[in-house]
Amino acid sequence: GNDKRVLLYVGQHDWKKNLRFLIEALSHLNDIPFVMLFVGKGPAEKEMQELVHELKLDDKVLFMGPIHDREKMRKIYGAADLFLFPSLYDSSPLAIREAAFMNIPTLLLAS
């Protein structure tokens, strides 16, 4: 019943995953109502939160931390409209396969 698109990233919060690009891209989605969920943790998490704040995305981006409960993760994947995975570093991450299993379209970047 939500009129916003649910965007999802699951994985390590590390700049090498191209997450700066992802967050900056979100700031250009002015005409699209969305909520972005970041699941996981990592060394760039605090800086990511600061960038989200700097770009005035606080009301659109949620940092959910690590989630180890499989049923909760199933519900999160099930609520997602689009899985975003901008990493040029990973070759075959589990999160992409999980999204595919849940029939969630995934947006990847070509290197």
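# Notebook: a parallel sheet and its surroundings

I began with strands β1 and β2, which pair in the parallel sense over six bridges; two strands count as paired if DSSP finds at least two bridges between them, and strands (E, at least two residues) and helices (H or I, at least four residues) are DSSP runs, numbered from the N terminus. Before going on I noted that this is a predicted model, in which local features need pLDDT of at least 70 and side-chain atom pairs count only at pLDDT 80 or more, while totals for chains, interfaces and linings use all residues. I also noted that residues are numbered from 1 along each chain as its sequence is written, and that side-chain values use heavy atoms, with hydrogens and water left out.

**Entry on the sheet.** In which order do the five strands of the open sheet stand? I read the order as β3-β2-β1-β4-β5, with parallel pairing. Strands β3 (61-65) and β5 (106-108) are at the edges, and each has a single partner strand, so one side of each is left without a neighbour in the sheet. Neighbouring strands are turned by 25° against each other on average, direction ignored; here axes are lines fitted to C-alpha atoms, for helices over the stretch in contact, and angles run from 0 to 180 degrees between N-to-C directions. I then followed β2 (residues 34-39) to its pairing with β3, which is parallel and has four bridges. The bridge partner of tyrosine 9 in β2 is phenylalanine 38, and the bridge partner of phenylalanine 38 in β3 is phenylalanine 63.

**Entry on the helices.** Helix α1 (residues 19-26) lies across β1 (5-10), β2, β3 and β4 (82-85), and runs at about 165° to β2. Helix α4 (residues 94-101) also packs on the sheet, where it touches β1, β4 and β5, and its direction makes about 165° with that of β4. For the covering of β1 I found that five of its six residues are buried, where buried means under 20% relative accessible area, exposed over 50%, and partly exposed in between (1.4 Å probe, protein chains only).

**Entry on the rings.** How many aromatic pairs does the structure hold? I counted five aromatic pairs, taking rings of Phe, Tyr and Trp (its six-membered ring) as paired if their centres lie within 6.5 Å, with planes under 30 degrees apart called stacked, over 60 edge-to-face and the rest tilted. Phenylalanine 38 and phenylalanine 63 form a stacked pair, 5.1 Å centre to centre with 10° between the planes. Phenylalanine 38 is in strand β2 and phenylalanine 63 in strand β3, so their pair ties together parts that are 25 residues apart in sequence. I noted that phenylalanine 38 is buried at 0% relative accessible area, whereas phenylalanine 63 is partly exposed at 22%. Phenylalanine 83 and phenylalanine 85 form a stacked pair as well, with 6.1 Å between centres and 10° between planes, and both of these residues are buried. Ring pairs link Tyr9, Phe38, Phe63, Tyr77, Phe83 and Phe85 into a cluster.

**Entry on the loop between β1 and α1.** Leaving aside neighbours within four places in sequence, histidine 13 is in contact with several residues, among them Leu19, Phe38, Met48 and Phe63. Lysine 17 is in the loop too, and I noted that lysine 17 is buried at 8% relative accessible area. Not counting residues up to four places away in sequence, lysine 17 touches Tyr9, Gln12, Pro86, Ser87, Tyr89 and Asp90.

**Entry on phi.** Most residues other than glycine have a negative phi, and I looked up two exceptions. Asparagine 18, again in the loop between β1 and α1, has a positive phi near 70° and is partly exposed at 22% relative accessible area. Asparagine 103, in the loop between α4 and β5, has a positive phi of about 60°, and at 69% relative accessibility asparagine 103 counts as exposed.

Conventions. Contact means heavy atoms within 4.5 Å.
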